[in-house]
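Please keep the sequence and the model in view while reading.

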Amino acid sequence: VVATLGTTSSCAFDSLDELGDVCRKHDVWLHVDAAYAGSAFICPEYRYLMKGVEKADSFNFNPHKWMLVNFDCSAMWLKQPRWIVDAFNVDPLYLKHDQQGSAPDYRHWQIPLGRRFRSLKLWFVLRLYGVENIQNHIRKQIALAHLFEKLCLDDERFEIYEEVTMGLVCFRLKGSNDINEALLRRINGRGKIHLVPSKVDDVYFLRLAICSRYTEDNDINISWQEVKESAEEVLAE
């Protein structure tokens, strides 16, 4: 069973507590996909979103998505690594060495025999920024998302589709899917900002994702101005 913390479409969170109990009862492996939102758990105030994580058998998140590490870098934890090692073990005579067994040998943790030194760039980011500055980065981007959320809510023509918990704002014009599709085409066609849509329960909405460490309040205000002007053009047609 794969539980998601921070879905791609709307940044929704599965309940690990509930899923964990079911998986334990039926002896099913529970994997947690926290590819995007996992970086936010460096901040104590967001760890409630992963309540029940101790019931998971594996956990994965991508530091390259929100933790200032360049692509690609994915971190994975395993409660019982031996299950993976037993499945992927590659141990011919020509690969044996004197230090075998003294430390984890990650060639047994994957299908390819070789791997790039991805952990080095993660180490550099941790050394350069430190925990406090990475926390500040996450908190700032979430605050920027809430700024855009407020601008939407202050305009009675718009609505927020999903609760804003991370750096993603899911919003739409009140009305049909067609008018929101037209709004997206108009926004992207103007060429100043680019938004990506999604659809949940047959409801079409637009997604504004705060991604760059250079994003400031002014960028959010400019983005909102683009959305607002595009909406005025679409509604006038």
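Domain bounds, as used here, come from an automatic or database domain assignment. The model is a predicted one, in which local features need pLDDT of at least 70 and side-chain atom pairs count only at pLDDT 80 or more, while totals for chains, interfaces and linings use all residues. Residues are numbered from 1 along each chain as its sequence is written, and side-chain values use heavy atoms, with hydrogens and water left out.

The assignment divides the chain into domain 1 (2-124) and domain 2 (131-236). The C-alpha centres of these two domains are 30 Å apart. Across the boundary, 18 residues of domain 1 are in contact (heavy atoms within 4.5 Å) with 20 residues of domain 2. Taken along the principal axes, the C-alpha atoms of the chain fill a box of roughly 75 × 45 × 30 Å.

The chain contains six helices and eight strands. These elements are DSSP runs numbered from the N terminus, with helices being H or I of at least four residues and strands E of at least two. Their order along the sequence is β-α-β-β-α-β-α-α-β-β-α-β-β-α. Of the 237 residues, 40% count as buried, a term that means under 20% relative accessible area, with exposed being over 50% and partly exposed in between (1.4 Å probe, protein chains only). Among contacts between residues at least 6 apart in sequence, 62% join residues at least 24 apart.

Where is there empty space in the model? Rolling a probe the size of a water molecule over the atoms shows where such space is left. On a 1 Å grid over the protein atoms alone, a pocket is an open set of points where a 1.4 Å probe fits, with protein on both sides within 12 Å along at least five of seven lines, and its lining residues have an atom within 4 Å of a point. Grid points are joined across faces, edges and corners, and a volume is the space filled by probe spheres set on the points.

The largest pocket holds about 860 Å³ of space. It is lined by 27 residues, of which S74, A75, M76, R115 and S119 are the closest to its centre. Two or more lining residues come from each of β3 (58-61), β4 (75-78) and α4 (118-153), and α4 gives the largest share, five residues. By class, the lining has 17 nonpolar, six polar and four charged residues; Ala, Val, Leu, Ile, Met, Phe, Trp, Tyr, Cys and Pro count as nonpolar, Asp, Glu, Lys and Arg as charged, and the others, Gly among them, as polar.

N62 is buried, because its relative accessible area is 11%.

The second largest pocket holds about 290 Å³. Both domain 1 and domain 2 give residues to its lining, so this pocket lies between them. Among its 15 lining residues, T7, T8, Y36, K65 and R207 lie nearest the centre.

R207 is also one of the residues touched by S198, which is placed in strand β7 (residues 196-200). S198 is buried, with a relative accessible area of 13%, and its side chain makes a polar contact with the side chain of S9 (2.9 Å).

Key
Polar contact = N/O pair within 3.5 Å; in protein donor to acceptor, adjacent residues only side chain to side chain. Lists of a residue's contacts leave out its neighbours within four places in sequence.
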